[in-house]
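Morning, everyone. Please bring up the model on your screens, and keep the sequence beside it.

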Amino acid sequence: MPGEGGTIGAALTAHPGIAGVAFTGGTETAWKINRTLAARPGRTFSRTQLLDQVWDQDSDVYEHTVNSHVNRLRGKVEANPNRPRYILTVWGIGYRFTDEF
């Protein structure tokens, strides 16, 4: 029923009317990426912004590392990671969490 929330994939639960989603399982990095994206549904984050939000400032982490972690996160939460519904790619910019529940 609309408004009651529900499970998204294997590891996310959406709660309409409440910002973000609950995330269970996965690594700390996956949790931080999910938290960053889901806290602002519809907002696109560049890979650099995700690096700044998720990794320690002293880390030598490359932008392509973000891609790998997002792909693994999708594997946990998307019914079909090749056609994501929740963690979306904005080509040439970065990633965003859907704002359509």
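Some ground rules. This is a predicted model, where local features need pLDDT of at least 70, side-chain atom pairs count only at pLDDT 80 or more, and totals for chains, interfaces and linings use all residues. Residues are numbered from 1 along each chain as its sequence is written, and side-chain values use heavy atoms, with hydrogens and water left out.

The chain, then. It has three helices and six strands. Both are DSSP runs, numbered from the N terminus: helices are H or I with at least four residues, strands are E with at least two. Along the sequence the order is β-β-β-α-β-α-α-β-β. Of the 101 residues, 36% are buried. Buried means under 20% relative accessible area, exposed means over 50%, and partly exposed lies in between, using a 1.4 Å probe and protein chains only.

Now the helices. Two packed helices are described by the angle between their axes and the distance between the axes. Axes here are lines fitted to C-alpha atoms, for helices over the stretch in contact, and angles run from 0 to 180 degrees between N-to-C directions.

Take H1 and H2, residues 47–54. Their axes come within 10 Å and cross at roughly 120 degrees. The two helices are therefore oblique to each other. For the cut-offs: under 35 degrees is roughly parallel, over 145 roughly antiparallel, 65 to 115 roughly perpendicular, and the rest oblique. Which residues meet? From H1, Thr29, Lys32, Ile33, Thr36 and Leu37; from H2, Leu50, Gln53 and Val54. Contact means heavy atoms within 4.5 Å.

Next, H1 and H3, residues 63–77. These axes also come within 10 Å, but cross at roughly 90 degrees. So H1 is roughly perpendicular to H3. Thr29, Ala30, Ile33 and Asn34 of H1 make the contact with His69, Val70 and Leu73 of H3.

Last, zoom in on threonine 36. It sits in H1, residues 28–38. Is threonine 36 buried or exposed? Its relative accessible area is 8%, so it is buried. Leaving aside neighbours within four places in sequence, threonine 36 is in contact with Phe45, Leu50, Gln53 and Val54. A polar atom of the threonine 36 side chain also lies 2.8 Å from the backbone oxygen of lysine 32.

That's the tour. Thanks.

Definitions and conventions:
Polar contact = N/O pair within 3.5 Å; in protein donor to acceptor, adjacent residues only side chain to side chain.
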